[in-house]
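User: I'd like to go through this model with you. Can we start with the terms and then move to the packing?
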There are 2 protein chains.
Amino acid sequence: MKAWIITIGNEILIGKIVNTNAAWLSQRLTEYGIEVRKIICIPDEEKEIINTILDATNNADLIITTGGLGPTFDDKTSESLAKAFGLKWVVNKEALREIESKYRSKGMEVNNYRIKMAKMPEGATPLRNRVGTAPGILLKIRNKIIISLPGVPNEMKAIFEDYVSKILSSYTPERVRDEKSILVKGIPESSLAPIIDNVMSQYENIYIKSHPKGHEISGPVVELHITVYGKNKTEAKEKLEEVVNRLNNYIQQKLKNHNNEK
Amino acid sequence: MKAWIITIGNEILIGKIVNTNAAWLSQRLTEYGIEVRKIICIPDEEKEIINTILDATNNADLIITTGGLGPTFDDKTSESLAKAFGLKWVVNKEALREIESKYRSKGMEVNNYRIKMAKMPEGATPLRNRVGTAPGILLKIRNKIIISLPGVPNEMKAIFEDYVSKILSSYTPERVRDEKSILVKGIPESSLAPIIDNVMSQYENIYIKSHPKGHEISGPVVELHITVYGKNKTEAKEKLEEVVNRLNNYIQQKLKNHNNEK
């Protein structure tokens, strides 16, 4: 299952806000065995939202958007979602009931701006927001799952845990993923490169990514992040252990020889 | 001038790392009057990198990539950049000299993995990396500027400040931007929405974005972020002041009437 994450909001594009939503979602989706193929941040513009959603629908099975579900003029996600698929944008009765009851509990009536948060593409399902006001939106279309979540992090997370995690739990990944990071001190990344190539050539379905943390020449520290895939948890875990051991052996050899070799 | 930022690296897509590079770059570009239209995060895959760079070149004037410039197998940015435009991928003499001198200063010779960091699309200019080893890449092509920076934040920032900022300084923006945030307590975002609509309809080239920080109903706190554009600094500053004053007046009225209105 392949996913795209679409972050909607000018505040990301002017660097006012760091996109922690996308990082959180990527982590959670990865835990469910879903492959996040792309994260895209776009402005609050209908045309951009429509084009990006359609592009995502052509390339991914699961699309999660964040942002643009609130009451103000620049909240355009829901209406754009409807337009992208030529669906009517209608008041969802369940969502409206929920929103009305929230405002009425404080003696407030719904105005047009509040009703807007209950509008969704026809056929969509509202995902109740127990933390805030605007519900999320679930739209199943063209054999794809599109989920729109609010941009406020704690609202986004609450709807994810309440509803999205349940939808994803019913999906059984074709392969199980396991991972481990090891920290290597004293060997430049460019000297670890042949070791990584060597180990990767010995196994299928593994990936070793190096992250330099120190200075390549004057004080090398490199994090090696090992990802393995297996048919099941046990296979993945055993493979991971084997790969890490093999890597560690080569690294020990290299450290011994390092002063001679360089 | 429109820009796209392309973040290359699986670590972003599994949520291992928050994309602070893109936020930092967006902020700096915005300061130079450049409009960041899109941020895209893609995996370390040649095909994805090529397609995204071509898409960016068709839609933006300035493209900045981060990540994928190191010595390991998964560092594919430079070669993909060459392939995207059908350019030869060649050792840049200036870059090689720099890299050789760095390694030799510690008694190390260059190996193929180290030479790789000196390879660039033919015609590209290396941007010296005073913090790390792999240089950045400047490629001017099809009337567009493409800049590839390392993924390590302090290396990315150093090359930006040393070279990219100078390139951008020579560009005179068509309009000057000014901004301010004000915090509004006690009015739900859905009650501020008509005020925002009203003020935005009174001015050209302004944008008011609301960011809910509290709870819409039980304890509303909303940050209003006002962006204005003017022909010059003075015009932008004066317009910003006027817009903020007008907003504040409406907000004060609303606060007075709030208990009756709701």
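This is a predicted model: local features need pLDDT of at least 70, side-chain atom pairs count only at pLDDT 80 or more; totals for chains, interfaces and linings use all residues.

User: OK, helix 2 and helix 7 of chain A: at what angle do they cross?
Analyst: Roughly 20°, with the axes of helix 2 (residues 20-31) and helix 7 (residues 153-169) of chain A coming within 12 Å. Axes are lines fitted to C-alpha atoms, for helices over the stretch in contact, and angles run from 0 to 180 degrees between N-to-C directions. Helix 2 of chain A and helix 7 of chain A are therefore roughly parallel; angles under 35 degrees count as roughly parallel, over 145 as roughly antiparallel, 65 to 115 as roughly perpendicular and the rest as oblique.

User: Is the crossing of helix 2 and helix 7 of chain A left-handed or right-handed?
Analyst: Helix 2 of chain A crosses helix 7 of chain A in the right-handed sense. On the helix 2 side of chain A the contact (heavy atoms within 4.5 Å) is made by Asn21(A), Trp24(A), Leu25(A), Arg28(A) and Leu29(A). Residues of helix 7 of chain A that take part include Pro153(A), Phe160(A) and Leu168(A).

User: What about helix 2 and helix 7 in chain B?
Analyst: Their axes in chain B come within 12 Å and cross at roughly 20°, which makes helix 2 of chain B roughly parallel to helix 7 of chain B. That crossing is right-handed. Among the residues that meet are Trp24(B) and Leu29(B) from helix 2 of chain B, and Met156(B) and Phe160(B) from helix 7 of chain B.

User: Switching to sheets. What is the strand order in the three-stranded sheet of chain A?
Analyst: The order is 9-11-10 in an open sheet of chain A, with antiparallel pairing. Two strands pair if DSSP finds at least two bridges between them.

User: Why is one side of strand 9 and of strand 10 in chain A without a neighbour?
Analyst: Strand 9 (176-185) and strand 10 (206-212) of chain A are at the edges and have a single partner strand each, so one side of each has no neighbour in the sheet. The twist averages 20° from one strand to the next.

User: How many bridges join strand 9 and strand 11 of chain A?
Analyst: Ten bridges, in the antiparallel sense, with strand 11 of chain A covering residues 221-230. Lys185(A) is opposite Val221(A) of strand 11 of chain A.

User: What lies across that sheet?
Analyst: Helix 8 (residues 189-202) of chain A lies across strands 9, 10 and 11 of chain A, at about 175° to strand 10 of chain A.

User: Next, the cores. How many residues are in the largest nonpolar core?
Analyst: The largest has 60 residues, and Ile53(A), Phe85(A), Ile146(A), Ile53(B), Phe85(B) and Ile146(B) have the most contacts inside it. A nonpolar core is a set of buried Ala, Val, Leu, Ile, Met, Phe, Trp, Tyr and Cys residues joined through side-chain atoms within 4.5 Å. Apart from that core lies another of 27 residues, including Ile12(A) and Tyr171(B).

User: Which residues does Phe85(A) contact?
Analyst: Beyond its neighbours within four places in sequence, Phe85(A) is in contact with residues including Ile53(A), Leu139(A) and Ile146(A).

User: Last one: is Ala60(B) buried or exposed?
Analyst: Ala60(B) is buried, at 1% relative accessible area. Ala60(B) sits in the loop between helix 3 and strand 3 (62-66) of chain B.

Note on methods: Residues are numbered from 1 along each chain as its sequence is written. Chains are lettered from A and ligands numbered from 1 in the order in which they are written. Side-chain values use heavy atoms; hydrogens and water are left out. Buried means under 20% relative accessible area, exposed over 50%, partly exposed in between (1.4 Å probe, protein chains only). Helices (H or I, at least four residues) and strands (E, at least two) are DSSP runs, numbered from the N terminus. A crossing is left-handed if the near helix is turned anticlockwise from the far one by less than a right angle, and right-handed if clockwise.
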